[in-house]
Amino acid sequence: MKKSNRFLAKRFNKINKMSFCKYTEVHLKKISCLKSIYYDIHDIHPTEDNYVYRAVINKNDTPFDSINRIAFNPNPQYTHRANLPNQGIGYYTCSPDISIIEVCQDSLKTTDTRFFSLTVSKWKIKKKISAQIICHSKQTQSVGTDLMEFYRATSRKRQKEMPRKEYRKWVLKMKFIANQYAKNSIKCERDYFISGWHAKNILNHPNIDCIIYPSVPYKYKGFNYAFSPNVFKNHCLELEEVSYYTVQFDKDKIKNYPKIDLVISTKRFNKDKIIW
């Protein structure tokens, strides 16, 4: 039975306020928005200054010396904002400080640790990468980035292609998905399930290898890139520099901007080995 757009609007609004901790994956997969996935492809082109960054928390305060180890996670055993378990993923950002803040979030929320040492890599985009941009959440559009430009371009295109009622349904579904990516209240790993499920389906598309979405801990003022393994298989990124950083967060106010210190950087590599 087809649901009216008014019904969908009320239902999505209710779901966006919920925690999914007590629900099973079977229940969550029944949400109507997940039964049909829309694709709107934008290309990321190589330019002189088009870089992405990835941070990894060090073990025993020693920076990593393997490029493969810091490039992406081939088999994560957890659900996160843009992946489900066993879905290879590479989380990157548009700047080194965002990558540092992003990667520390789980530890900040679940432990008393406030000091971290990290290996942060800088990669140049060398080949075109096709991406889905998550841009329909009003709260992420309001912070002054160029997200609104992508939203307007995509909306104009869809409005020309779709009947009015179908266009309205598309808007409702895209806003719902975007609000899931922008979710700030995370009480358990399953609260990421809808955005993770959406990301898995998007990255399984043969012509899409990236999802771009605003950084939640950076108050939506920066962007994350979730790359599929194809980006690395096809050598779309080239490692340019690796740095060893330390970061200190406030003991009580973990959302405050932390103190970030650069310890050392290197551009020396030998096959898979990082030479410090």
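1. Starting point for the cysteines: a disulfide here is a pair of cysteine sulfur atoms within 2.5 Å. Bear in mind as you read on that this is a predicted model. By that cut-off the structure holds 1 disulfide. The partners are Cys21 and Cys188, with their sulfur atoms 2.2 Å apart.

2. On the geometry of that bridge: the torsion about the S-S bond of Cys21 and Cys188 comes out at about -115 degrees, so the disulfide is left-handed. As for what it ties together, the pair links distant parts of the chain, 167 residues apart. Cys21 sits in the loop between helix 1 (5-16) and helix 2 (25-28), while Cys188 is in the loop between helix 7 (164-181) and helix 8 (193-203).

3. Cys135 itself is buried, with a relative accessible area of 1%. Cys236 is in no disulfide either; for Cys236 the nearest cysteine sulfur is again that of Cys210, 10 Å away. Cys236 is buried too, at 7% relative accessible area.

4. Moving to surface charge, there is a patch of positive charge made by Lys109, Lys219, Lys221 and Lys255. One of its members, Lys219, lies in the loop between strand 6 (210-214) and strand 7 (223-227). With a relative accessible area of 54%, Lys219 is exposed, since the label calls for over 50%. If you're setting up electrostatics, these are the four lysines to look up in the model.

5. Last one, the nonpolar surface. Which residues make the nonpolar patch? Val263, Ile264 and Trp276 do, and the patch covers about 250 Å². Trp276 is found in the segment after strand 11 (273-274). At 32% relative accessibility, Trp276 counts as partly exposed. Patch members need over 30% relative accessible area, so Trp276 passes that part of the test with its 32%.

Conventions:
Residues are numbered from 1 along each chain as its sequence is written. This is a predicted model: local features need pLDDT of at least 70, side-chain atom pairs count only at pLDDT 80 or more; totals for chains, interfaces and linings use all residues. Side-chain values use heavy atoms; hydrogens and water are left out. Helices (H or I, at least four residues) and strands (E, at least two) are DSSP runs, numbered from the N terminus. Buried means under 20% relative accessible area, exposed over 50%, partly exposed in between (1.4 Å probe, protein chains only). Patches are made of residues with over 30% relative accessible area and no salt bridge: like charges are joined within 9 Å, nonpolar side chains (Val, Leu, Ile, Met, Phe, Trp, Tyr) within 5 Å. Accessible areas come from the Shrake-Rupley method with a 1.4 Å probe; for residues, only the protein chains shown count as cover. A salt bridge is a side-chain nitrogen of Lys or Arg within 4 Å of a carboxyl oxygen of Asp or Glu. Lys and Arg count as positive and Asp and Glu as negative; His and the chain ends are not counted. The place of a charge is taken as NZ of Lys, CZ of Arg, CG of Asp or CD of Glu.
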